[in-house]
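Please open the structure in your viewer and keep the selection tool at hand. The tour moves from stop to stop, and at each one you will be told what to select and what is there.

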Amino acid sequence: MKINKRILLSLILLILIGLIMIYSSSNVWALYKYNNPYKFIKSQFIFATLGILLLIFILKIDINDLYKYSNKLLLISFILLILVLIPGIGKIRNGSRSWFGIGPLGIQPSEFTKLSLIIYTSKYLSRNNKYIKDVKKGLLPLFIIILLSFLLIMLEPDFGSAMVIVLTLIVMIFISGPKLTLFITIGITGLIGITILILIAPYRMARIVSYLNPWSDPLGSGFQIIQSLYAIAPSGLLGTGFNKSIQKNFYLPEPQTDFIFSILSEELGFIGSLSVIILYIILFYNSIKVSLKQRDLFKKYLSFGLSFGLILQTILNLSVVTGLIPTTGVTLPFISYGGSSLLVSIISVSIILNISKE
């Protein structure tokens, strides 16, 4: 069995770096809040181990089975998205009812919905390829499913996950070859919709204001990005050293999650940050190559969709922590703390590796 070794090696290295940085970034906070400095690393290690077991399993399956069961996977995802909204079933974290609590662990159904939607969209585009230029006959049913999933995730609310999912699926549709005028319409409609969503939610508007001028509210909406830049800016070539971050000491809130790259930059410096970015480039470049080599349309769309979803999520996260875009709440694949995100990211690359065997 021949698989793309560059993808596999970069994946393993990113997972290991993630585990190391989650311990370093979270041990102070975990000791203070839970009296256990290993609280977060233990949870993440469980999901990483499960992810590696799933990788081994996925490498042995027939990818065409995903085509066969895509409708059922999508249906299960929608059921979970509905269940998580029910009080008493879904758990609220950081103001969003988007989690199922399983003991000390949490499962986020929107992450698995992203995976099932990419699989379903790949099947739909490959089956309806000859109707792609006909919006009503070819794409309207798919747009309805995308809109429904977006609305369910926004009810939690989880704006970051919803945007990653929708943008990934729109780009998948774009490469299938529909009329360009369709995307002009989608772009205008999307901008209007995003503007409305920002205006009706004060906390989203606060994020825009803090992005334009963090110092307008340095102890409120601008606090996180200011502390992130304080971590990155003085890190130098080699950083402060492993486990020697200053910002993780109750300056940067929950540094093991969305802003973990800030702590990584602070402790490992420019060399460490650049090394991680190079690993991402190797992983994504080779993943896209796998897609370009496929003749089977389902596998081509599937490998591209999974690759682009991870690329988009990585770019969004790095852009947020460096102050290039407003805060979105998107995790950094393989490195940020979050079991659901880690599992889905590993599963995505595992599917790409399986396809690479051909």
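Begin inside the protein, where the largest cavity has a volume of about 60 Å³. A cavity is found on a 1 Å grid over the protein atoms alone, as a set of points where a 1.4 Å probe fits but cannot get out, and lining residues are those with an atom within 4 Å of a point. The grid points are joined across faces, edges and corners, and a volume is the space filled by probe spheres set on the points. A search of the whole structure finds one cavity of 30 Å³ or more.

Before going on, note that this is a predicted model, in which local features need pLDDT of at least 70 and side-chain atom pairs count only at pLDDT 80 or more, while totals for chains, interfaces and linings use all residues. Residues are numbered from 1 along each chain as its sequence is written, and side-chain values use heavy atoms, with hydrogens and water left out.

**The lining of the cavity**

Select K114, L115, I118, L306, G309, L310, V344, S345 and S348, which line the largest cavity. Helices α4 (109-127), α11 (297-321) and α12 (339-356) each supply at least two residues of this lining; helices (H or I, at least four residues) and strands (E, at least two) are DSSP runs, numbered from the N terminus. By class, the lining of the largest cavity has five nonpolar, three polar and one charged residues, where Ala, Val, Leu, Ile, Met, Phe, Trp, Tyr, Cys and Pro count as nonpolar, Asp, Glu, Lys and Arg as charged, and the others, Gly among them, as polar.

**The whole chain**

Now zoom out to the protein chain, whose secondary structure comes to 12 helices and three strands. Its C-alpha atoms fill a box of roughly 55 × 50 × 40 Å, taken along the principal axes. Of the 358 residues of the protein chain, 53% count as buried, and here buried means under 20% relative accessible area, exposed over 50%, and partly exposed in between (1.4 Å probe, protein chains only).

Next, turn to the second largest pocket, which has a volume of about 650 Å³. Of the 18 residues that line the second largest pocket, select the closest to its centre, V166, I170, I186, T189 and G190. A pocket, on the grid already described, is an open set with protein on both sides within 12 Å along at least five of seven lines. Which helix gives the largest share of the lining of the second largest pocket? That share, 10 residues, comes from α7, while α5 (135-154), α6 (159-175) and α7 each supply at least two residues of the lining. The lining of the second largest pocket has 13 nonpolar, five polar and no charged residues.

Stay with α7 (residues 180-200) and select L199, which is found in this helix. L199 is exposed, with a relative accessible area of 59%. If you also select Y285, you will see that L199 and Y285 are 86 residues apart in sequence and 37 Å apart in space, C-alpha to C-alpha.

**A helix and a hairpin**

Select helix α2 (residues 39-58), whose 20 residues reach 29 Å from the first C-alpha to the last, close to the 28 Å expected at 1.5 Å a residue; the expected span is 1.5 Å times one less than the number of residues. The buried residues in α2 include F40, Q44, F47, G51 and L55.

Move on to strand β1 (residues 90-93), which four bridges join to β2, the two running antiparallel; strands pair if DSSP finds at least two bridges between them. Select G90 and you will find that it stands opposite F100 in β2. Five of the seven residues of strand β2 (residues 96-102) are buried, so this strand is largely enclosed by the rest of the structure. In the hairpin of β1 and β2, which has two residues between the strands, N94 takes a positive phi near 55°.

Most residues other than glycine have a negative phi, and most peptide bonds are trans. Select E156 and P157, which are joined by a cis peptide bond with omega of about -5°; P157 has its place in the loop between α5 and α6.

Finally, select F334, in the loop between α11 and α12. Phi of F334 is near 75°, a positive value in a residue other than glycine.
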